[in-house]
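Please find below a colleague's note on the structure shown here. Comments are set out as numbered points.

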Amino acid sequence: MKRFNHGLLALALGSLVAAAPGAARAEDWPEFRGKGRLGIWLETGILRTFPADGLKARWRMPIKAGYSGLAVADGRVFATDWEPTRGMRGVERALAFDEATGRTLWTVEWDADYAGVMWEIGPGATPTVDEDRVYMLGRTGVLSALSVTDGTLLWRKNYGEDYDVNRMQWGYDWGFASAPLVDGDRLICLVGGAQDARVVAFDKLTGEEIWRALPSDEDLGVAQPIIIEAGGARQLIVWNPEEVASLDPETGEIYWRQPYTVGGAMTVAVPVQIGSQLFFTTFYDGPMMLNLNQDRPDATVAWKGSSNSEILTEGLHAVLATPIIDGGYIYGICSYGQLRCLDATTGERIWETQEATVERRRWVSGFMVRNGNRVFINNDRGELIISRLSPTGYEEISRTQLITPTSAPGNRRELRYVNWVHPAYANKHIYIRNDEEIIAWSLDAADYE
């Protein structure tokens, strides 16, 4: 699967929109946050505003519990879910649906014991699709390589059994939520295994180990591995709760390591590259901007937030939302739902608003995806928003109800439940799920003429 440089893709996005403003473009969403994990949707011909009576559902299908997002590729929608059978024991499933009709194409099940998992309501890793294979990771560390056609099991790894992973040794057991990353012939996974197997690269076809790297003395966290280009090299970025590490994705060789202590192992938001910089943000400890050396693989701190409080937040303390960096400004959702704009050069806050997420409470959040000069935001109240973000402020264009929240947030809320699922944007549709159903909504402007 080809990987893209963030800056180059942003330029391509602008060129596409400028060159063909009325052209239709269809594209899949094969992994977490789409191609390259960039959270950029290149499709055109999309609704400018939502109709007053809501979106048109292409189909709805029942599904069980889970926080994992959806992947869409080659006419199929892939998902994982969970159903308890006795106490904390239950069954996890991998599912494939027909993209056009929602018909269930296949289902694969395996047993899972959720004892000790803090957020036990289902899997948390979005499926990763690569050609004729889809890789599914369960909450307890069962990694399956399946045929996209019929769900045939091609190979499987159990992190606990195969790599001696002891989840109970860590102070925070979020389970496993880091989606596997395809790079060439390799499937790169955050395993957390003994004997320097925090990161393992498997042969994507056979499951044989290619390389392993980094010790697992500390909590694994829940970060998503990404690949960037800087310093004349492709770099695998692995964000651990105690540091950021850069590796050679082909060999596992360590390029550089930067200390960055993260409270609660909340390595949730994906790092964002903008040119020669790489941005991180986390709930307790706030933001950190790295300067990437352009002569060799290396990095230094450009600036860093000074607060480790979830309430006294001068910068951006993101929970779930990966921020957007555009035109020298950072846009992201902070610890209590504040949508904020920061100066990317200094980290200084420019503005904030509660309008997008509504409620100001702990962990209020949402997910943001760019489409041309607009940003789609699905907040945890189950709403979908079309907006524009600029240094002058937040502009809301349109808002509609997307899905019913069904997950307990673990704290008091105006609404009893939340929706903490990153949707898939593919082929002029948005695909979203909760703990009860998966819905394909049309965002095709032609469907509303």
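The points below cover the basis of the model, its strands and its cysteines.

1. The model is predicted: local features need pLDDT of at least 70, side-chain atom pairs count only at pLDDT 80 or more, and totals for chains, interfaces and linings use all residues. Residues are numbered from 1 along each chain as its sequence is written, and side-chain values use heavy atoms, with hydrogens and water left out.

2. Strand β4 covers residues 89–98, and nine of its 10 residues are buried, so the strand is largely enclosed by the rest of the structure. Buried means under 20% relative accessible area (1.4 Å probe, protein chains only). Strands are DSSP runs of E, at least two residues long, numbered from the N terminus.

3. Strand β3 (residues 76–86) runs antiparallel to β4, joined to it by 10 bridges; two strands pair if DSSP finds at least two bridges between them. R86 stands opposite R89 of β4. The β3–β4 hairpin has two residues between its strands, and G87 takes a positive phi near 60° there.

4. β4 also pairs with strand β5 (residues 104–113), in the antiparallel sense and over nine bridges. G90 has A112 in β5 as its bridge partner. Five residues lie between β4 and β5 in their hairpin, where G102 in the turn has a positive phi of about 85°.

5. Zero disulfides are found in a search of the whole structure, a disulfide being a pair of cysteine sulfur atoms within 2.5 Å. C334 is in no disulfide, and the nearest cysteine sulfur, that of C341, is 13 Å away. C334 is buried, at a relative accessible area of 0%. C189 likewise counts as buried because its relative accessibility is 1%.

Terms used
Buried < 20%, exposed > 50% of the residue type's maximum accessible area, 1.4 Å probe, protein only. Helix = DSSP H or I, 4+ residues; strand = E, 2+ residues; numbered from the N terminus.
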